[in-house]
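This briefing sets out selected features of the structure shown below, grouped by topic.

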Number of protein chains: 2
Amino acid sequence: MKLPVAIQRLINSLEKLPGIGPKTAQRLTFYLLNVPQTELDTFGQAVSGLKKNTHICPLCFNVDELEPCSICQDRSRNQTVICVIEQPLDILAIEKTEAFNGLYHVLGGVIDPLNNIGPDELHINELPLRLKNSQVKEVILATNPTMEGEATAMYLQKLINEKLGTAIKLTRIGRGLPTGADLEYADAATLLKALEGRREY
Amino acid sequence: MKLPVAIQRLINSLEKLPGIGPKTAQRLTFYLLNVPQTELDTFGQAVSGLKKNTHICPLCFNVDELEPCSICQDRSRNQTVICVIEQPLDILAIEKTEAFNGLYHVLGGVIDPLNNIGPDELHINELPLRLKNSQVKEVILATNPTMEGEATAMYLQKLINEKLGTAIKLTRIGRGLPTGADLEYADAATLLKALEGRREY
């Protein structure tokens with residue numbers, strides 16, 4: 001049996017999404033067949049209109065309705081600290097802590113030679129340019145603690161030191177045991193970082 | 001930080017899908033931000049157009065472009081056997097075996113009192129009506145071997161015997177070990193069914 005064209009077309013679109021395989025795409029499509037048409041219209045318009053009212057901030061490369069983005073425009077934020085992250089979603093996670101009031105710089109990914117992603121594919125070279133004539137005193141390197149994230153942080157450190165000397169303080173987000181963790185089940189790499197990163201109590 | 005309206009709108013739509021939580025919805029939305037607009041348009045149109053060219057077959061309740069569906073219209077298929085399944089996707093699975101050439105009857109779910117789904121919410125009462133003046137000689141009950149699927153199969157058995165006597169042969173899909181399984185790891189319920197369902201060799 002061949003599936004109806006309209007159904008196959010949606011399965012094809014859903015299959016392209018990361019983490020959604022052919023079976024899940026089928027399941028979601030047949031679920032949507034039971035959803036009212038008005039909801040399908042809302043969903044469809046949300047998809048096609050996604051990028052119509054969003055811009056990439058020319059300063060920090062965050063995604064926002066304003067250009068520059070609402071964070072870069074907010075003069076009440078601390079203009080002397082920049083937190084470097086991989087993705088716009090990381091901003092959301094950090095903002096939720098309410099512990100950071102500085103600016104951001106979105107790299108748009110990490111250096112990943114296996115997937116042909118070098119510094120030029122990311123917003124890396126824009127960072128020293130942005131720092132040059134600014135009031136920034138500290139750059140927090142908050143790429144993920146993965147192999148690629150660490151390599152990117154090291155690359156940024158070298159680049160900033162090369163271009164701007166050591167005038168700007170570079171820090172790396174803290175490493176150690178996450179809240180609620182169990183020492184017994186922690187992996188060796190995490191425990192090592194937790195010991196190295198111990199603080200006076 | 002508040003997310004842009006267009007982004008939040010798509011997250012809201014994706015979150016409603018089964019098996020997609022708020023985090024996955026965020027991740028998918030930010031992934032789609034990097035997808036070309038033409039692809040977003042294709043996706044959006046596939047969503048809103050999903051139900052525009054598909055009909056529910058008035059005979060077997062399958063979803064298809066034709067009405068009645070292509071299976072019901074195909075006179076070369078065996079008109080004396082009907083396979084009763086839960087969902088249209090089950091037809092796809094059975095057709096793939098190429099071992100069944102009869103007709104189908106889609107229930108649209110299973111009897112599930114905990115979720116307020118009784119026989120009247122499904123296409124159950126339509127089945128004896130369909131069988132009454134037909135050439136059907138056998139009904140294969142192919143609901144899933146779950147608690148609800150078994151209960152639905154039993155309900156159908158009782159209903160058909162009540163309305164049509166024992167003129168129609170009722171069968172249940174075979175139970176036992178799936179291909180590639182390991183006896184050692186099989187659960188007791190499956191092994192019990194495999195012993196009960198043993199066949200001469």
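This is a predicted model: local features need pLDDT of at least 70, side-chain atom pairs count only at pLDDT 80 or more; totals for chains, interfaces and linings use all residues.

Over all chains, the structure holds 6 salt bridges.

**The E150(B) pair**
- E150(B) counts as partly exposed because its relative accessibility is 23%.
- R172(B) is likewise classed as partly exposed, at 26% relative accessibility.

**Salt bridges in chain A**
- The side chains of E150(A) and R175(A) meet in a salt bridge with an N to O distance of 2.4 Å.
- This pair also links distant parts of its chain: E150(A) is in helix α7 (residues 147-164) of chain A, while R175(A) is in the loop between β6 (169-172) and α8 (188-196) of chain A, 25 residues apart.
- E150(A) has 23% relative accessibility and therefore counts as partly exposed; R175(A), at 28%, counts as partly exposed.
- A network of salt bridges links E150(A), R172(A) and R175(A).
- A salt bridge also brings together the side chains of E95(A) and R77(A), at 2.7 Å from N to O.
- E95(A) lies in helix α5 (residues 88-97) of chain A and R77(A) in the loop between α4 (70-73) and β3 (81-85) of chain A, so this pair ties together parts that are 18 residues apart in sequence.
- E95(A) counts as buried at 15% relative accessibility, and R77(A) counts as buried at 8%.

**Contact between the chains**
- The contact draws 49 residues from chain B and 49 residues from chain A.
- About 4,800 Å² is buried between chain B and chain A, 73% of it on carbon and sulfur atoms.
- Between chain B and chain A there are 0 salt bridges, and 7 residue pairs are in polar contact, both residues being at pLDDT 80 or more.
- On the side of chain B that touches chain A, the elements giving two or more residues are α1 (5-15), α2 (22-32), α3 (37-48), β2 (63-64) and α5 (88-97) of chain B.
- The most is given by α3(B), with 10 residues.
- By residue class, this side of chain B divides into 29 nonpolar, 10 polar and 10 charged residues.

**Helix α5 of chain B**
- The buried residues of α5(B) are P88(B), L89(B), I91(B), L92(B), I94(B) and E95(B).
- These buried residues pack against α2 (22-32) of chain A, and also against β2, α4 (70-73), β3 (81-85) and β4 (103-106) of chain B.
- E98(B) follows α5(B) and has a positive phi, near 55°.

**Cysteines**
- The count of disulfides over all chains is 0.
- C72(A) is in no disulfide, and the nearest cysteine sulfur, that of C60(A), is 3.6 Å away.
- C72(A) counts as buried, at 9% relative accessibility.
- In chain B, the sulfur of C69(B) lies 3.6 Å from the closest cysteine sulfur, in C60(B), which is too far for a bond.
- C69(B) is buried, with a relative accessible area of 0%.

**A loop residue of chain B**
- N34(B) is located in the loop between α2 and α3 of chain B.
- Because its relative accessibility is 63%, N34(B) counts as exposed.
- From C-alpha to C-alpha, N34(B) and L59(B) are 44 Å apart in space, and they are 25 residues apart in sequence.

Conventions
Residues are numbered from 1 along each chain as its sequence is written. Chains are lettered from A and ligands numbered from 1 in the order in which they are written. Side-chain values use heavy atoms; hydrogens and water are left out. Contact means heavy atoms within 4.5 Å. Buried area is the accessible area (1.4 Å probe) that two parts lose on being put together, summed over both. A salt bridge is a side-chain nitrogen of Lys or Arg within 4 Å of a carboxyl oxygen of Asp or Glu. A polar contact is a pair of N or O atoms within 3.5 Å; within protein, one must be able to donate a hydrogen and the other to accept it, and residues adjacent in sequence count only if both atoms are side-chain atoms. Helices (H or I, at least four residues) and strands (E, at least two) are DSSP runs, numbered from the N terminus. Ala, Val, Leu, Ile, Met, Phe, Trp, Tyr, Cys and Pro count as nonpolar, Asp, Glu, Lys and Arg as charged, and the others, Gly among them, as polar. Buried means under 20% relative accessible area, exposed over 50%, partly exposed in between (1.4 Å probe, protein chains only). A disulfide is a pair of cysteine sulfur atoms within 2.5 Å.
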